[in-house]
Amino acid sequence: MKMLINVPETVVADALRGFAAAHPELTVDVENRVIVRRDAPVAGKVALLSGGGSGHEPLHGGFVGRGMLDAACPGEVFTSPVPDQMVRAAAAVDSGAGVLFIVKNYTGDVLNFDMAAELAEDEGIMVGKVLVNDDVAVTDSLFTAGRRGTGATLFVEKIAGALAEEGAPLERVQAVARRVNEVSRSFGVALTAVSTPAKGAPTFDLPAGELELGIGIHGEPGRERRAMMTSGEIAEFAVDAVLDDLRPDGPVLLLVNGMGGTPLLELYGFNAEVHRVLGARGVTVARTLVGNYVTSLDMAGASVSLCRVDEEMLRLWDAPVSTPALCWGA
Amino acid sequence: MSEASSTGAGQVIDTAFLRRWFIAAASVIEREADRLTELDSPIGDADHGANMRRGFIAARTAVEKEPPDTPGGVLVLVGRQLISTVGGASGPLYGTLLRKAGKALGDARQVAPEQLAQALREGVDGVAQLGGAAQGDKTMLDALAPAVEALTFALDKGAGLAEALSAAAIAADEGALATVPMQARKGRASYLGERSIGHQDPGAASSALLVGALAGAAREGTV
């Protein structure tokens, strides 16, 4: 597998140096792997801190900026960051109003953020936490690590970020973040397996005529494999999987998210199919976002995320945001 | 069996012994990193070897640079290094294993084999607690728990340190292999449900390597 890299060992550091060069409005500590808003800490504002394995760009570093995250901690590829990163980032962004940790539900992320929360609290930083677990492909039971955090992370970071920007206290920012997670669900499909730089080859075998349903964002295979389907058929499968669980009684936010290796041309076509299916199921789409936001390196495929919004959540979604990957109203 | 391993009583474990363990562990992890990543591909995310190699190289450097003067200190230092460098679930889990074991040994400059066994047991309990896992969930516990059992059992029967640790290493290897038919209930492999069956758990495999390195350190010490 050809990759535009130097050596696998330095891909994260190389990307961070390039990210820094592209975004002088952010402070990028390449050595310690911490990205923060240049104006941090913002006086009186609750800070939002997220992080996770690299390979999901623009998540999370691309969402640092006014109206969204105050800091992001990128780990190695598909590997959660270490507690030292989060403690350093929390200290850099805390204005005294507290820091909300936004954690995707993966065993490694949960353990490292929990350790970081303890250490940050030892340093006198008030820490709140929201666990994002929106992926309906995983049965949430005692027999799994629980649902994965995927596309809804973007909803949580955007909406909670807007509320924090308005000066709301930690308790309220945490509450809206948790609420957004509770009313969000996602389902993803893969058309190709992912290749990590360390392995240099696909991490699982997905034959040409087949697709994988219910995939995560780490190259882990999904629940089920089928013969390749059309965009319309995939939209029906994905939307129904989400609606089975969410049952919206009002308008929704829709994220049609590319996994990294699918062209926008295909994503927009897929979005048309998703809208068609949602319309047929009587679901009103309030806002739509299409693009590669929560990716899995070079994987081809897409995920559908819905968030059942109330008026306040919709207002916060529309509020100005100014980050490398999401920018409107500013 | 060498002479030293046939006379269990009176054997002591010191800082040099634990340093040997982690230097050997770093070597075996480096050597086997590709295999661990290979095991992590079908049921994980193909990075266990790379993460463990990074962590154990950092740990070896720390142990060689400024070795603490107690066995417990060495364990705590390595545990901290792993938490700060490995990432993923493995970092906090292996870090907790060694830090808990290190704390259990306290400030003693030398400890008896039974104390090491007890300390490792506390470390393994810490792993189970942090990960919320039990034996049979297809995790590192499936290698570590039988290893501690075998170590304790062998010492109780009067085996020497090297012999008891060899028994532990065999138990860890068997435990790691026994994860193949299991369905994962924890960690990333659990997302696969029944499709996780038929693959060895990479965490159990790396745990077996570490116990093997520990047994190797004991054999070296008896030469």
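Where is A:Leu297 found in chain A? A:Leu297 lies in the loop between strand 11 (285–291) and strand 12 (301–308) of chain A. Helices (H or I, at least four residues) and strands (E, at least two) are DSSP runs, numbered from the N terminus. Phi of A:Leu297 is near 50°, a positive value in a residue other than glycine.

The model is predicted: local features need pLDDT of at least 70, side-chain atom pairs count only at pLDDT 80 or more, and totals for chains, interfaces and linings use all residues. Residues are numbered from 1 along each chain as its sequence is written, chains are lettered from A and ligands numbered from 1 in the order in which they are written, and side-chain values use heavy atoms, with hydrogens and water left out.

Another loop of chain A holds two cis peptide bonds' residues. A:Pro58 sits in the loop between strand 3 (47–54) and strand 4 (71–77) of chain A. The bond joining A:Leu59 and A:His60 is cis, and its omega is about -10°.Chain A is divided into domain 1 (8–183 + 315–328) and domain 2 (184–314). These bounds come from an automatic or database domain assignment. The centres of domain 1 and domain 2 of chain A, taken over C-alpha atoms, are separated by 22 Å. In domain 1 of chain A, 41 residues are in contact with 40 residues of domain 2 of chain A. Contact means heavy atoms within 4.5 Å. The two domains of chain A bury about 3300 Å² between them, and 60% of it is on carbon and sulfur atoms. Buried area is the accessible area (1.4 Å probe) that two parts lose on being put together, summed over both. A:Phe78, A:Phe155 and A:Val183 supply 20% of the area that domain 1 of chain A buries against domain 2 of chain A, more than any other three residues.

The two chains also meet. Here 29 residues of chain B are in contact with 34 residues of chain A. Between them, chain B and chain A bury about 2500 Å², with 56% of it on carbon and sulfur atoms. On the chain B side, B:Arg188, B:Tyr191 and B:Arg195 lose the most area to chain A. Together these residues account for 28% of what that side buries.

Helix packing was examined next. Two packed helices are described by the angle between their axes and the distance between the axes. Axes are lines fitted to C-alpha atoms, for helices over the stretch in contact, and angles run from 0 to 180 degrees between N-to-C directions. In chain A, helix 2 (residues 83–93) and helix 3 (residues 107–122) pack at an angle of about 45°, with their axes 8 Å apart. Helix 2 of chain A is therefore oblique to helix 3 of chain A. Angles under 35 degrees count as roughly parallel, over 145 as roughly antiparallel, 65 to 115 as roughly perpendicular and the rest as oblique. The crossing of these two helices of chain A is right-handed. A crossing is left-handed if the near helix is turned anticlockwise from the far one by less than a right angle, and right-handed if clockwise. A:Pro83, A:Met86 and A:Val87 of helix 2 meet residues of helix 3 of chain A that include A:Phe113, A:Met115 and A:Leu119. The contact of helix 2 with helix 3 of chain A has eight nonpolar, one polar and no charged residues. Ala, Val, Leu, Ile, Met, Phe, Trp, Tyr, Cys and Pro count as nonpolar, Asp, Glu, Lys and Arg as charged, and the others, Gly among them, as polar.

In chain B, the axes of helix 2 (residues 15–43) and helix 4 (residues 71–85) come within 8 Å and cross at roughly 25°. Helix 2 and helix 4 of chain B are therefore roughly parallel to each other. Helix 2 of chain B passes helix 4 of chain B in a right-handed crossing. From helix 2 of chain B, B:Thr15, B:Leu18, B:Arg19, B:Trp21 and B:Phe22 take part. They meet B:Pro71, B:Val74, B:Leu75 and B:Val78 in helix 4 of chain B. The residues of this contact between helix 2 and helix 4 of chain B divide into seven nonpolar, one polar and one charged.

The axes of helix 7 (residues 141–156) and helix 8 (residues 161–177) of chain B come within 7 Å and cross at roughly 155°. That makes helix 7 roughly antiparallel to helix 8 of chain B. Helix 7 of chain B also passes helix 8 of chain B in a right-handed crossing. Residues of helix 7 of chain B in the contact include B:Asp142, B:Pro146 and B:Leu151. Those of helix 8 of chain B include B:Leu165, B:Ala168 and B:Gly175. By class, the contact of helix 7 with helix 8 of chain B has 14 nonpolar, one polar and one charged residues.
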